[in-house]
Amino acid sequence: MVLVIGGLASGKRSYVRSLGYDDEQMGTRAYDGKPVLVALEELLRDGPLDDAALQDVSSRAVVCCCEVGMGVVPMDPKERAWRELVGRTCAALAAEAKRVVRMVCGIPTIVKDGGAE
Amino acid sequence: MRTLVVGGSGSGKSAYAERLAASLAPRRTYVATMRNDGAEAGKRIRRHRSQRAELGFITVECPDSLVAACHDGGSGVVLVDDLGNLVANALFAPDGTMADPAVVLERLVGEVEALGQSYDHTVLVGNEVGGEGAYRLESTNEWVRLIGALNCRIAASFDEVVEVVAGVPCHVKGGVA
């Protein structure tokens with residue numbers, strides 16, 4: 001799995017398209033059978049994924065997640081828990097991923113490269 | 001050479017961009033993007049102007065369009081600081097009404113292109129404001145998305161993209177990796 005992270009509007013989906021996937025192959029839900037999961041952060045709105053859902057996510061070819069923890073820690077406890085969860089989930093997925101790409105101004109920067117497949 | 005410099009608040013991106021611009025050419029034009037909308041802004045603008053005059057920059061005020069800077073003789077280096085102000089001023093009128101972001105994007109991309117052709121070297125200071133995800137206010141999100149989209153378009157055509165992290169310039173595109 002390739003994990004693609006980056007800020008809002010940093011070019012994550014354009015990068016996924018450059019890997020050869022079209023928008024039809026990108027989904028936002030667990031178990032939707034699509035090779036690419038986008039907006040992982042929204043999937044985490046209701047709390048952590050259970051083991052089966054996490055397994056489904058990490059079995060995708062590409063997972064995209066918006067980085068949400070770079071600013072001020074929110075006052076709202078729910079928001080605070082959510083951004084913490086997004087960060088922890090990305091860290092867990094990054095440990096599994098063969099490659100982690102962070103988008104900066106539409107340019108892929110390699111955070112982790114596990115080498116040849 | 002055309003360089004986009006990005007970084008978070010207080011990362012040192014402006015200081016790096018000024019050093020870079022000063023190293024590129026003796027003829028230096030500074031494009032200031034703050035809207036002069038009151039006594040406080042006026043005071044700040046005057047202070048910045050005199051600081052930059054010491055560094056050899058001629059200042060052109062361009063709060064919502066780069067057009068005024070595109071006809072400034074056309075040589076040396078131009079430094080724009082920063083795109084966040086420019087985008088905000090182009091997107092939101094002083095009365096708060098919002099322009100069409102897609103139209104503003106295409107206009108600014110065209111102006112950046114024209115600016116690049118007007119000078120030997122172009123240094124743009126951008127902003128990284130998407131690192132907190134979406135905001136509650138939709139108008140803020142429009143601004144964040146527009147900045148992100150503009151960054152992507154500029155980065156694709158420019159020679160260099162530098163992310164300043166804790167004052168340290170990190171090349172994302174071009175330069176020394």
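Author: Seven strands of chain B form an open sheet in the order S3-S2-S4-S5-S1-S6-S7, with mixed pairing. Two strands pair if DSSP finds at least two bridges between them. S3 (57–61) and S7 of chain B are the edge strands; each has a single partner strand, so one side of each has no neighbour in the sheet. On average, neighbouring strands of this sheet are turned by 20° against each other, direction ignored.

The model is predicted: local features need pLDDT of at least 70, side-chain atom pairs count only at pLDDT 80 or more, and totals for chains, interfaces and linings use all residues. Residues are numbered from 1 along each chain as its sequence is written, while chains are lettered from A and ligands numbered from 1 in the order in which they are written.

Both senses of pairing can be followed in chain B. Strand S2 (residues 28–32) of chain B runs parallel to strand S4 (residues 77–81) of chain B, and five bridges join them. B:Arg28 has B:Val77 as its bridge partner in S4(B). Strand S6 (residues 160–165) and strand S7 (residues 168–173) of chain B are antiparallel, also with five bridges. These two strands make a hairpin with two residues between them, and B:Ala166 in the turn has a positive phi of about 50°. Within the pair, B:Val164 stands opposite B:Pro169 of S7(B).

Helix H5(B) lies across S1 (2–6), S5 (121–125), S6 and S7 of chain B, and runs at about 145° to S1(B). Angles run from 0 to 180 degrees between N-to-C directions, and axes are lines fitted to C-alpha atoms, for helices over the stretch in contact. Contact means that the C-beta atoms of two residues, placed from the backbone, lie within 7 Å.

H5 (residues 138–157) of chain B also packs with H4 (residues 101–118) of chain B, at an angle of about 35° and with the axes 10 Å apart. On the H4(B) side the contact includes B:Val104, B:Leu108 and B:Val112, and on the H5(B) side B:Leu146, B:Ala149 and B:Arg153 are among the residues involved. By class, this contact has 10 nonpolar, no polar and three charged residues. Ala, Val, Leu, Ile, Met, Phe, Trp, Tyr, Cys and Pro count as nonpolar, Asp, Glu, Lys and Arg as charged, and the others, Gly among them, as polar.

Chain A comes next. Of its residues, 17 are in contact with 20 residues of chain B. The side of chain A that touches chain B has eight nonpolar, seven polar and two charged residues. Chain A has four helices and six strands, in the order β-α-β-β-α-α-β-α-β-β from the N terminus. Its C-alpha trace spans about 40 × 30 × 25 Å along the principal axes. Buried residues are 38% of the 117 in chain A; buried means 20 or more other C-beta atoms within 10 Å of the residue's own, exposed 12 or fewer, and partly exposed in between, with C-beta atoms placed from the backbone.

A:Val63, in strand S4 (residues 62–66) of chain A, counts as buried because 25 C-beta neighbours lie inside 10 Å. Leaving out residues up to four places away in sequence, A:Val63 touches A:Met1, A:Leu3, A:Leu37, A:Leu40, A:Val57 and A:Leu93.
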